[in-house]
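Please look at the sequence and the structure below before reading on.

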Amino acid sequence: MASKKVVIVGGGFAGLKAARALGNKDDVSVTLIDRRNYHLFQPLLYQVATAGLSPAEISGPIRGILSKYKNISVYLDNVKSVDLANKKIEVSDRNIDYDYLILACGAKHSYFAHPEWEENAPGLKTLEQATEIRRRLLIAFEMAEKESNPEKQKQHLTFVIVGAGPTGVELAGAIAEISRHTLTLDFRHIDPSQTRVLLIEAGSRILASFDPELSRKAARDLEDLGVQIWTNTRVTDIKENSVVLGDEVIKASTIFWAAGVQPSSLNKTLGVPLDRAGRVLIEKDLSLKDHPEVFVLGDQACYLTDDGKSLPGLASVAMQQGEHAAREILHEIAGKPRTTFHYIDKGQMATIGRKKAIAQIRNLKFSGFFAWILWLFIHVYYLIGFKNKFFVIWQWAYAYFTFKRGARLIVDKEWRSQKMKTPVS
């Protein structure tokens, strides 16, 4: 029997898990396509953005991760469209046929019909965004150091984070810690501990997906770090150096976005039913209704549980779905029937700062030092590769005992040593 051609789009948690489950299996030929050549551990992106870790410590080359699987080919490319009727996908320079297709393209930030806000308030979904946030964060302190005007100095030392989910909370806590511990001895003309960190949330409380008791605990921990939390507050405009909140304007040189996400734009080209958020509605086996050979996973998909709720956009959901999709393909090739996907809830957690975190695992709730240790263990455990695990543990231990952060590099986007000259016509 000829090998079945499986194409996986996306090298994130779901795509990589599916590829590994199909690796070195008989009668299967796998092609994984991603626009980047590395797998990124997104839960630790905020650590790169706040100078705690370097990009290479939370990522790994996809080719290296999958090199031991002889039936897997990896292509650096961008998928333009999917032809469901003819079972082929279009990439930049050709079409690729498939017998089975796994779409795991992830999500990007949503600015709620205001894409122009992104220029002044970058989100945190990619390494490029993380290093840009780090650049803006560190530049703000440098600009404040040489500013003699008190009002402008105050503006440079004001940081606004829009959105109080886990990403926003972790960013706010890390920035507050940097200003009050890491940078206090580094500057001569400013007091970094006077930095103002504002966390803006449109809802009634931060970390809305957590139990209210844990949400309140996290809010108290953030306030102990000096973070100001504004709930029931909606952003109406974002400008170059300010955030508009209805009738109120907050002057801030540095603004970060953590308020919403939207699935891959590829969804709109599929011609299949989508939910209100733009995610693909999938069957109980994770496939498309009229195309059982196509699986849609992770943040790109809407999987409704028996109580009518959709699964959250967590790494654990994506990994379990990736493994299930691969298993369904192998079972079908072997002549076995499809099965229903059942998500095993492994809980959720968020870190607020040094020795401060919250964790919720079904009916169990933890906070404080124990939750922080649990958060450290879980995140190191799921990192790709021994080298990454070792360096992350080393960096965290160094930061814990010294209050220092070793990745405080301001890296500009311009790489040329000489500016390009405009040709004379």
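The following text describes salt bridges, then surface patches.

The model is predicted: local features need pLDDT of at least 70, side-chain atom pairs count only at pLDDT 80 or more, and totals for chains, interfaces and linings use all residues. Residues are numbered from 1 along each chain as its sequence is written, and side-chain values use heavy atoms, without hydrogens and water.

**Salt bridges**

Side chains of opposite charge can pair when their charged atoms come close. A salt bridge is a side-chain nitrogen of Lys or Arg within 4 Å of a carboxyl oxygen of Asp or Glu. The structure holds 13 salt bridges, including the pairs in the table.

| Pair | Closest N and O atoms |
|---|---|
| Arginine 36 and glutamate 128 | 3.6 Å |
| Lysine 88 and aspartate 97 | 4.0 Å |

Arginine 36 lies in the loop between β2 (28-34) and β3 (38-40), whereas glutamate 128 belongs to helix α4 (residues 127-145), 92 residues apart. Relative accessible area describes cover by the protein chains: buried means under 20%, exposed over 50%, and partly exposed in between (1.4 Å probe). Arginine 36 is partly exposed because its relative accessibility is 29%. Aspartate 275 and arginine 279 are buried.

**Surface patches**

Patch residues have over 30% relative accessible area and no salt bridge; like charges are joined within 9 Å, nonpolar side chains within 5 Å. Lys17, Arg20, Lys68 and Lys346 form a patch of positive charge on the surface. Phe390, Phe391 and Trp394 make up a nonpolar surface patch, with about 340 Å² of accessible area together. Tryptophan 394 counts as exposed because its relative accessible area is 51%.

Conventions. Accessible areas come from the Shrake-Rupley method with a 1.4 Å probe; for residues, only the protein chains shown count as cover. Lys and Arg count as positive and Asp and Glu as negative; His and the chain ends are not counted. The place of a charge is taken as NZ of Lys, CZ of Arg, CG of Asp or CD of Glu. Helices (H or I, at least four residues) and strands (E, at least two) are DSSP runs, numbered from the N terminus.
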